[in-house]
Amino acid sequence: MSNTMYNKMWHQTQEALGALLDKEPQKMVEPQRNQVFIFQTLATFYIKYVQIFRNLENVYDQIVHPQKRILIRKVLDGVMGRILELKNEMVELELTEFHYFDDILQDLKLAPQQLDIPIPKYFLKEKLEVIKGREKILAQILADSGIDTSEMKFPVKSMPFDQAVKLIQIAERARQGRLRALFMKQIYLQEYRAKQSKTLGKKVTDTWAAALCIQKVWRRFHQCKKTEKLREEEMIFLGMNPPPLFNEVSATVIQAEKVDRLRNEVQMKHEEDYREALVTIKNDLKLIEGLDIKENLQDQIRHWFIECRNLTGTFPDYPDIEEGGSAIIFSNKTIQQEEDEKWKMSPSLFLPVMKEGCNAYKEIWMNKDESWNFSQDFDPELIKEEKRKELESEIRVQVDELMRQELKNLKLAVDREREHPAKVGKKKKKKGKKGKKKEKKTKKDKDLTADRTIESLYKELVEEGLLIQALKVNLSDYIGEYSYLGTTLRQVSIEPMPSLLDVRQLITLYGIWPLGSAAVHEKAPLVKSLLLAGPSGVGKKMLVHAICTETGANLFNLSSSNIAGKYPGKNGLQMMLHAVFKVARQLQPSVVWIEDTEKTFYKKVPNAEKTNEPKRLKRHLPQILKLLKPDDRILIVGTTRRPFDAELQSFCRVYQKIILVPRPDYASRYVLWKQIIERNGGVLTSALNVSCLAKVTDGFTQGHIVKVVKAVLTDQRIRRQIHKPLTAVEFITAITSMDPVYKEEEESFKNWYAKTPLGKKRALAITGGSTEKAKDKGKRKEKKEKKAKKKK
């Protein structure tokens with residue numbers, strides 16, 4: 001795809017965004033009581049913004065013009081933020097984290113795949129060197145401290161020399177034995193044929209009958225092959241089977257990858273040239289136009305002196321530096337502009353950003369002639385315009401000092417006026433007060449490790465095992481399928497279990513986007529903590545590692561089992577948390593992971609775990625959450641397979657967003673079996689009935705499927721696939737020894753979620769109640785529980 005095509009895509013996307021920004025305020029301002037209509041309006045805007053985001057992300061990744069990229073990035077962050085705002089509105093309206101848009105997608109003629117939310121590539125691209133540097137340091141610290149991850153993954157056992165020689169001798173003798181057996185078999189077959197030929201003698205067979213027999217066999221074989229080929233062609237035509245060489249990488253894809261690499265190199269070069277030009281063009285402007293700018297400013301200010309003297313009879317007071325100096329004199333704001341500043345279209349923090357980006361696009365790029373700029377390098381004229389303003393503001397400061405003195409001289413010479421220094425004194429006193437207030441605020445924040453560097457704290461946390469290396473797992477590796485019956489089930493008042501792709505989208509929206517983009521994290525609805533609850537093997541741990549991989553975040557492990565015995569005592573715990581969150585802030589983005597987080601909030605600690613003190617963090621976590629600010633890109637992620645063991649109130653107080661991770665449904669199991677078999681070297685043929693395999697394995701998780709596939713697909717079995725294709729029976733036999741997730745266990749998760757704040761609100765909304773009633777019921781239950789405890 002050429003650069004002109006991406007430019008065209010950008011222009012089309014900007015037009016679509018402009019139309020959407022004009023339409024949205026009209027729809028949002030209209031008062032509505034119909035909840036279904038409101039949700040459909042929000043969902044329609046959400047879907048349209050997602051389409052715009054997908055296009056803009058693609059354009060930003062591929063376009064090479066540095067100044068266009070700055071504007072696109074600004075709009076891209078705005079669109080991301082707006083999507084998160086709309087998602088938050090839908091959650092508050094429907095009182096559920098999962099939404100289904102089947103009917104709206106049908107009206108807009110979109111496929112469910114077009115609703116998939118991509119992760120912007122710039123999250124990793126723009127800090128690739130930093131991430132690689134950090135990984136090297138981490139690997140070095142792990143190697144020095146003797147806890148090298150590579151050694152942990154592939155343990156190499158040393159053995160004595162004699163034992164090694166004996167092992168080689170056994171293998172060699174076995175090889176020779178196999179060859180000898182094969183040789184003896186050939187001799188036996190030769191002798192057997194010779195005996196048969198002697199017994200038959202010179203008996204003459206009917207050649208015509210023999211020929212007819214061969215013809216029959218050949219024709220049967222030929223017709224079977226022909227029928228198989230026709231059936232395969234028909235299945236391909238119907239779209240039931242993929243075409244030949246479907247999974248092979250084509251030459252076009254390889255060429256496209258080469259072009260992408262070249263485009264990235266051009267992007268980097270143009271970016272460097274642009275940065276250099278920002279400095280050189282400014283310096284050139286200073287030399288060429290600096291004196292002219294200075295003289296023009298002085299002439300304008302002198303003219304203002306004379307005008308004021310003619311109108312009022314006295315010279316004016318010169319504006320202070322805090323007010324903006326002489327710039328305030330010439331800032332001609334019209335009535336319309338002032339009204340625009342006061343009027344707020346929407347409470348959204350991202351709509352003004354997008355509006356500003358669209359206006360900049362219309363003013364600069366919409367009708368710009370770029371026929372001269374075939375290579376899409378930076379535009380020097382735009383840099384000059386920008387740097388002239390900077391240069392003018394710098395020179396203005398110098399001119400203001402000169403003109404203040406000139407005004408003082410004029411007043412002394414013409415009006416014999418003297419300045420009153422009392423005002424200046426008062427202002428200074430006020431400043432002093434403000435300064436004192438700030439000092440008081442800073443004194444409250446105590447730094448327990450003020451004498452230590454971040455590097456030393458980082459090393460200590462790695463050695464203690466609190467800062468760990470994230471596994472290289474992409475979110476796209478979390479395989480699943482969409483829920484195609486969500487809307488239909490809800491219309492019949494049945495709450496569907498979320499699909500795996502619904503979970504994946506929530507991880508992108510609540511975890512990856514805010515951590516990846518500082519602009520989005522600062523203004524979007526703030527998600528400080530996330531809980532992933534689901535049975536064992538559904539991929540909760542994998543999702544945590546995927547968040548870190550996609551954003552380049554540090555991973556801190558504060559699980560109760562991991563912190564047991566480390567930093568003992570109250571002061572030790574305080575020091576540990578201080579060190580973790582200090583490093584997490586300095587090297588953000590960061591993820592703080594608490595595995596089996598229900599242990600931190602145990603109703604009753606089991607006797608076997610009392611020595612580990614699993615509830616050490618219980619009191620501190622709410623305090624930590626309060627201290628996290630919008631500019632701290634830190635996410636606390638808890639994973640649990642037994643949420644019912646925890647105290648519900650304190651649990652829900654810490655975790656702001658709760659995501660149920662379900663066992664895979666039929667559609668997801670079908671996709672999982674296919675992809676995991678192929679990823680482990682398996683070949684899918686008509687002999688392997690994947691549909692049957694997916695149906696039979698209802699209740700089994702992704703973890704079960706991965707274990708079974710790895711157990712069946714040994715190196716030997718992979719080699720034998722040519723002669724003996726894979727069958728479903730092989731996998732079913734291997735999975736029979738495993739315990740599935742039964743419906744009762746899934747129901748227990750559903751019932752537990754119904755007791756959470758959002759679950760209660762949802763249940764009341766379905767039955768026609770209100771959230772106030774839910775609160776009253778909750779308070780009554782609390783009182784009853786307290787009374788029961790007192791009696792005990």
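User: How much space lies in the largest cavity?
Analyst: This is a predicted model, and the count comes to one cavity of 30 Å³ or more. The space in the largest cavity is about 40 Å³.

User: Which class of residue has seven members in the lining of the largest cavity?
Analyst: The residues that line this cavity include Met497, Ala533, Pro535, Leu660 and Phe749. Gly534 and Glu746 line the cavity too. By class, one residue of the lining is polar, one is charged, and seven are nonpolar.

User: Which elements give two or more residues to the lining of the second largest pocket?
Analyst: The lining of this pocket has 28 residues. Those nearest its centre are Asn241, Pro242, Leu684, Thr685 and Ser686. The elements that each give two or more residues to the lining are α9 (207-238), α24 (666-679) and α25 (690-696).

User: How many residues in the lining of the second largest pocket are charged?
Analyst: Asp, Glu, Lys and Arg count as charged. The lining divides into 13 nonpolar residues, eight polar ones and a charged group. The number in that charged group is seven.

User: How are α2 and α3 set relative to each other?
Analyst: Helix α2 spans residues 35-62 and helix α3 spans residues 66-94. Their axes are 9 Å apart, and the packing angle is about 155°. Angles over 145 degrees count as roughly antiparallel. Therefore α2 and α3 are roughly antiparallel.

User: How many nonpolar residues does the contact of α2 with α3 have?
Analyst: The crossing of α2 and α3 is left-handed. In their contact, one residue is polar and eight are charged. The number of nonpolar residues there is 22.

User: Is the crossing of α6 and α15 left-handed or right-handed?
Analyst: The axes of α6 and α15 cross at roughly 55°. The handedness tells which way the near helix is turned from the far one. For α6 and α15, the crossing is right-handed.

User: Is Phe315 buried or exposed?
Analyst: Phe315 sits in the loop between α10 (251-312) and α11 (335-342). Its C-alpha is 6.1 Å from that of Phe305, a residue 10 positions away in sequence. The relative accessible area of Phe315 is 10%, and the cut-off is under 20%, so Phe315 is buried.

User: How far apart in space are Gln376 and Asn3, C-alpha to C-alpha?
Analyst: Gln376 lies in the loop between α12 (351-365) and α13 (380-415). Gln376 is buried, at 5% relative accessibility. In sequence, Gln376 and Asn3 are 373 residues apart. In space, C-alpha to C-alpha, their separation is 8.3 Å.

User: Is Pro352 buried, partly exposed or exposed?
Analyst: Pro352 belongs to helix α12. Pro352 and Leu21 are 331 residues apart in sequence, yet their C-alpha atoms are 9.7 Å apart. The relative accessibility of Pro352 is 48%. That value falls between 20% and 50%, so Pro352 counts as partly exposed.

User: What kind of peptide bond joins Gln588 and Pro589?
Analyst: Pro589 lies in the loop between α21 (569-586) and β4 (590-595). For the bond from Gln588 to Pro589, omega is about 5°. This peptide bond is cis.

User: Is Asp596 buried or exposed?
Analyst: Asp596 is in the loop between β4 and α22 (620-627). Its phi is positive, about 45°, although Asp596 is not a glycine. Its relative accessibility is 18%, and the cut-off is under 20%, so Asp596 counts as buried.

User: What is the phi of Glu613?
Analyst: Glu613 is found in the loop between β4 and α22. Glu613 is not a glycine, yet its phi is positive. The value is about 50°.

Terms used
Residues are numbered from 1 along each chain as its sequence is written. This is a predicted model: local features need pLDDT of at least 70, side-chain atom pairs count only at pLDDT 80 or more; totals for chains, interfaces and linings use all residues. Side-chain values use heavy atoms; hydrogens and water are left out. On a 1 Å grid over the protein atoms alone, a cavity is a set of points where a 1.4 Å probe fits but cannot get out, and a pocket is an open set with protein on both sides within 12 Å along at least five of seven lines; lining residues have an atom within 4 Å of a point. Helices (H or I, at least four residues) and strands (E, at least two) are DSSP runs, numbered from the N terminus. Buried means under 20% relative accessible area, exposed over 50%, partly exposed in between (1.4 Å probe, protein chains only). Axes are lines fitted to C-alpha atoms, for helices over the stretch in contact, and angles run from 0 to 180 degrees between N-to-C directions. Angles under 35 degrees count as roughly parallel, over 145 as roughly antiparallel, 65 to 115 as roughly perpendicular and the rest as oblique. Grid points are joined across faces, edges and corners, and a volume is the space filled by probe spheres set on the points.
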